[in-house]
Amino acid sequence: MDIDAGARIICAVDPSRPANSPPLVPDAFPSAEAFLDAFTRTVGGLISYVDTSGRIGYASDALAEWLGKPPGSLAGRTLLEIYGQEAFAQFEYWTSRALAGEDIHYERQAMHADGSPRWLSVNLRAHRDAQGKVAGYFSCALEVNELKRTHDALERVLQELATHIENTPLAVVEWASDIRVKRWSPQAELIFGWKAGEVLGKKPSEFAMVHPDSLEMVQALTRELVEGRAKRNRMLARNVTQDGRTIWCQWYNSAFFHEDGKLASILSLAEDVTARVDADEQLRQAAVHDALTGLPNRNSLAARLEHAIVRANRSGDRLALLFIDLDRFKKVNDTLGHAAGDEVLRQTAARIRACVREVDTVARLGGDEFVVLLETDVRPDTPGIIGERIRAAFDSPFAWKGLEVRCGASLGVSLYPDHARDPAALLASADEAMYREKSAT
C-alpha cells in the first residue's frame, strides 16, 4: 500500500480533515504506510472498511484470522463472497442502515473459523466523502462471549426473580426514594384493587390506600426507613382498597441505600391478614364478653371494678354495684325450654342496658345473674333511682313465639367504700343484699 493510500484511509476516520492534508503519523513510524501496516497486523479488534457496493477496502489481520483467511486476502472481496448467503443475511439489515448514513450498534452470534459460535458486539460508522455523500462504513467488532454469558446469567436471574414476584401470595411493592410507587406486582393488584398503571409514579396518599386510623403509625415507620434509623421494619396497618373496603395488612419493609448513604428504594411485602385480625378480635371479645348477651363477662367486670376502685381511691369518689337476679327464671327453662330462657336473658340484657347511663357498665356473671357498676357521678340517691328503673323494666312480659313470659327481678346494692373495700367483698356484699330482697318477697 502506498503512502497516499494509507493517508487517505487514516484521514477517512475524520471526514472534517481534508484528504490532501499531511498525514497524522506518530513519530515512531516513518510513514503512514508503516503505521497502517503495524495497525493492521497488531490491532486486536475485527476492523474493516466496506464501500457502498459491499466490497471490503480494508481489513485488519485479526479479522482475517478470525474468519480463517490469510492476512490481506479479504481486500477487494464482497461480504457476500466472504460470509456466504446465510451468514450475510444475518447482518445485512444492519449494514444497509449504515450505508444509509446511520451509526449502528448490534450484537450477533457468528461462527468462528474453528466452528464454534461466538458472540460479537459490532459498531458500524458511516464514512462520507468531501461532498457529504456516504462512501462506505467502518466496522469494528469485539468478541463478548464472557460478557454475553454474564448478561444472559443476569437475565435468567432477573426472570427467575420476576417469576417469584408474580407467583408469591404476598403483594410486592417497591417505593422510590420519594415514596412513589416503582413496582406494583400482580398480587398487589389482587389485594388492593388498583392496576399497576393506576398507581405507578404516585404516592400512597394520592390514591388513599392507608386508612386514617393507621396513617400516623405508617408515616412514622416510613420516616424511620427514609432517615436511615432502620434498615427494615414491619407494621400491621389498616388499608383501603380501590372499592372502598377496609382491610388489615401485615407489611414487611426493607430499605436499600446508595454508597453515599442516600436512600435508593424501599421494598415492601404485604399480606392481607384481615381474616386473622378478625378471628383474633373475636377471640378477644369472647374472653371478656358473654357470648349470649354480648355484655362484659365476669372476668371483664372484675378488671373494670379493680380499675374503678383505684380511680376512686385517687379521686375520693363513691362506687356502687347493683346485683340483679331474675325471679321465676328456672320455671321458664323448665316449661318452655332453654331456647326461651336464652331469649329472656338477651331481652333482660337489653332492658337493663336501657335503664342505665352510657358511662355505666352492665355485665352478666352467668346464669340469670347480672351486675351494674356505677363509677361516675354516684350521688347517694343514684343507686336507688337506677334500681327502681330496672325493677320497673321487668313489669312488662317478655315475648317468646307469641307467648307472654313473665320474670321479675331481685336487686341488691353495695357501695364503695361504705360496704366493702375490695372487688370480691364489694360483689359479695351486693349479692347478699340481693338475696335479702329475694327472701323478703
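In this predicted model, the charged end of R351 sits over the ring of F398. The distance from that charged end to the ring centre is 3.9 Å.

The structure holds 10 aromatic pairs. One of them joins Y93 and W94, with centres 4.9 Å apart. Their planes stand at 70°, and the pair is edge-to-face, because planes over 60 degrees apart count that way. How exposed is W94? Its relative accessible area is 25%.

Now turn to W184 and F207. This aromatic pair is edge-to-face too, with 85° between the planes. The centres lie 6.0 Å apart. Where do the two residues sit in the chain? W184 belongs to strand β7, residues 181-184. F207 lies in the loop between α8 (196-199) and α9 (212-226). They are 23 residues apart, and the pair links distant parts of the chain. Both W184 and F207 are buried.

Helices come next. Two packed helices are described by the angle between their axes and the distance between the axes. For α11 (residues 298-315) and α15 (residues 423-440), the angle is about 110° and the axes are 9 Å apart. The helices are therefore roughly perpendicular, since that term covers 65 to 115 degrees. Their crossing is right-handed. Which residues make the contact? From α11 come R298, L301, L305, E306 and I309. From α15 come P423, L426 and L427.

Methods. Residues are numbered from 1 along each chain as its sequence is written. This is a predicted model: local features need pLDDT of at least 70, side-chain atom pairs count only at pLDDT 80 or more; totals for chains, interfaces and linings use all residues. Side-chain values use heavy atoms; hydrogens and water are left out. Rings of Phe, Tyr and Trp (its six-membered ring) pair if their centres lie within 6.5 Å; planes under 30 degrees apart count as stacked, over 60 as edge-to-face and the rest as tilted. Buried means under 20% relative accessible area, exposed over 50%, partly exposed in between (1.4 Å probe, protein chains only). Helices (H or I, at least four residues) and strands (E, at least two) are DSSP runs, numbered from the N terminus. A charge sits over a ring if NZ of Lys or CZ of Arg is within 6 Å of the ring centre and within 35 degrees of the ring normal. Axes are lines fitted to C-alpha atoms, for helices over the stretch in contact, and angles run from 0 to 180 degrees between N-to-C directions. Angles under 35 degrees count as roughly parallel, over 145 as roughly antiparallel, 65 to 115 as roughly perpendicular and the rest as oblique. A crossing is left-handed if the near helix is turned anticlockwise from the far one by less than a right angle, and right-handed if clockwise. Contact means heavy atoms within 4.5 Å.
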